Amino acid sequence: MNWISANTIEERVKDLAKTDPKGFNELRTNYLSDVKSTEWPTHKAELFRNLDLGTLYKNTFRFGGTSPSDISIETYLPEEFKSYPRLVFVDGLPSQTLSTLAPTDSSVVIEPLSYSSKDELKSILKQASSSDDNYPNAFLKLNSACFDTGAHIKIKKKQSIGPLVVLFIATPHAKNHLISYKNILTIEPHAKAEIIEIYSGSPANAYLTTAFSHIHIQENAHLHHIKLQLESNDAFHIGGTLVFQDENSSLKSFALNTGCQISRTDVLTTLQASGSHCLLNGLYYGNHSQTIDQYTSIDHAKPHASSTELYKGILSDESHGGFTGKIIVRPHAQKSDSKQMCRNLLLSKGARADAIPQLEIYADDVKCSHGATIGELDEEEIFYLRSRGLDSESARHMLISAFANETLEPFDSNPLKRFVNRLLEQKVMDHG
Amino acid sequence: MLKVDNLHASIEGKEILKGLSFEVKAGEVHAIMGPNGSGKSTLSQVLAGREVYEVTQGSVTYQGKNLLEMSVEERAWAGIFLSFQYPVAIPGIRNSNFLRTAYNAIRKNRNLEELDAMDFLALLKEKAKLVEMDPKLLDRALNDGFSGGEKKRNEILQMALLEPTLAVLDETDSGLDIDALRVIAQGVNAMRNKERAMIVITHYQRLLDYIVPDFVHVLSKGKIIKSGGKDLALELETKGYGWLTNVSEGSIPLPIN
């Protein structure tokens, strides 16, 4: 496959090594040999069993340079989030002019990756090494070999920050580019944060984003992590949120996937200490011939941790949605409590959904439940709503919203709810 | 207001209504009674426009227009309201939001001003008193976990909000205890006026003690076999449906050898 050649990747690593202000060179070089020998995954790879990447491999990607920064932010940032402080990246590089960060004191760090991020990434990756085998993702290796920037966020002890947007824009200049972001987030003990990652691209633009967020939520810290994948309809996005949670920490994750021809969004968390809790919710909406795949993994590594998970898919036209949900309960992780549910709504005859729960339970005193459903809109419900004066479109929209909104219930963010519902309305109008 | 003439309707090829005719004028309350399987619910669903039923013959004229050519929502906009025998429950839709969406959809199509959330809430609270509905039910998901009586109150509340010209009440008494029945009948009676017509569909005469009809029609095997005044309902109560249905068939069942 020559969708990206080993030479292109090697040149990229060398280019970045010429000046290495952030000190990531060693890490990139370590991954380079891995990437050169890697086989790009097909459906034979366990982690990509459900996902046909054929269309991606038919493209040829290269690395790009700087893009003009005179773009209008309104095109890429949903209006609901415009009042939040934001850190903005354009076509793979930070944009100071579009970012609107209030000056911060030493209690928080919000910046594009810098020299100081290196040690943090190292310490996060050190935890990861134990679980690498569970997540042999070739695109993560590619990302680690080729990344130059991303967001570096650190919330120091007992500090709390309100909603913060990290916006990744792909302009028409990014055509056929491979864009790599690596984000590093540390939430220190007793700190709190809400971070909204938005990936947004101009229409009809084929590029590939790989974006991985490495997150460490330390003891008694709480993170709301929201990822909105709104990339160009012709783009490709392969990304993941990789989390490690310490004692009594909590993670609430919401992942919305709706852009791209092919997208793959993963959320993995390791509950590596007792009392930790995660809630992973997700919503995916496909139309045309989109393929939207999600993979989640919750690793109960220590006793007395809990997790709940609700993913919902809405699939129209000829789209294909996939969900694979892995739950691991390690041998000593007694009293683990885990609930997983995946529901899918098919809006047309040609749409398809796959839901695959994967439970690996090695402890005996645990509570684990899982379920998956695939259904259609209920004709009787539509009739009921229409008999009360809602036209057919409004009735369908109301039912689809009702279905989707359950995934948003645990989140307090009204802008998020307003945005998702506006998006749903638009999608229903365009595609039913 | 409504003229049903020789109406034939079927579902999945099976004919349920077999030549039904009756006429309703403004201000009138008509009761349609009949045993199970006589076609009562089919009639209500056909009037509301349920697409799974196919009208194969006959006509329905509403306010001079061909009702059968109107979509479900067009009928609602034109003032037709069906109170469902089994209202659907939809988790995820808040009752008050649903009620406001419905109210405004109908207002909009009647070229009336839509109400904002605050004004609507005031109206809703006032109307909810009419059916003695617990205001907490307005904040819950639509009919989700509602008791049978609560669902029916919610139906009549919708009727009070949407102010239909022709209301079809399908087995509104089913599953109600006597107190709930009384409250709901009061709500319905409060809405009776010279402009509004109602079709009350019921198996039992009991409801008609509370909502007293002007006319009673007996439906059997897809046809109206007898029409009369309110006394016909009382007669049915004492005699049952058997004396009428047998007469209509013109035959007495023969013993099988």
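Across the interface of chain A and chain B, 4 salt bridges are found in this predicted model, a salt bridge being a side-chain nitrogen of Lys or Arg within 4 Å of a carboxyl oxygen of Asp or Glu. One of these joins the side chains of A:Arg386 and B:Glu51, at 3.2 Å from N to O. The model being predicted, local features need pLDDT of at least 70 and side-chain atom pairs count only at pLDDT 80 or more, whereas totals for chains, interfaces and linings use all residues. Residues are numbered from 1 along each chain as its sequence is written, and side-chain values use heavy atoms, with hydrogens and water left out.

In terms of contact (heavy atoms within 4.5 Å), 16 residues of chain A meet 34 residues of chain B. The two chains bury about 2,000 Å² between them, 65% of it on carbon and sulfur atoms, where buried area is the accessible area (1.4 Å probe) that two parts lose on being put together, summed over both. Of the area that chain A buries against chain B, 38% is supplied by A:Phe383, A:Tyr384 and A:Arg388, more than by any other three residues.

Chain B contains an open sheet of 6 strands in the order 6-9-10-3-11-12, with mixed pairing; strands are DSSP runs (E, at least two residues), numbered from the N terminus, and two of them pair if DSSP finds at least two bridges between them. Strand 6 (80-83) and strand 12 (223-228) of chain B each have a single partner strand, so one side of each is left without a neighbour in the sheet. Strand 3 (residues 29-33) and strand 10 (residues 197-202) of chain B pair in the parallel sense over 5 bridges, and B:His30 has B:Ile199 of strand 10 as its bridge partner.

Definitions and conventions: Chains lettered and ligands numbered in written order. Helix = DSSP H or I, 4+ residues; strand = E, 2+ residues; numbered from the N terminus.
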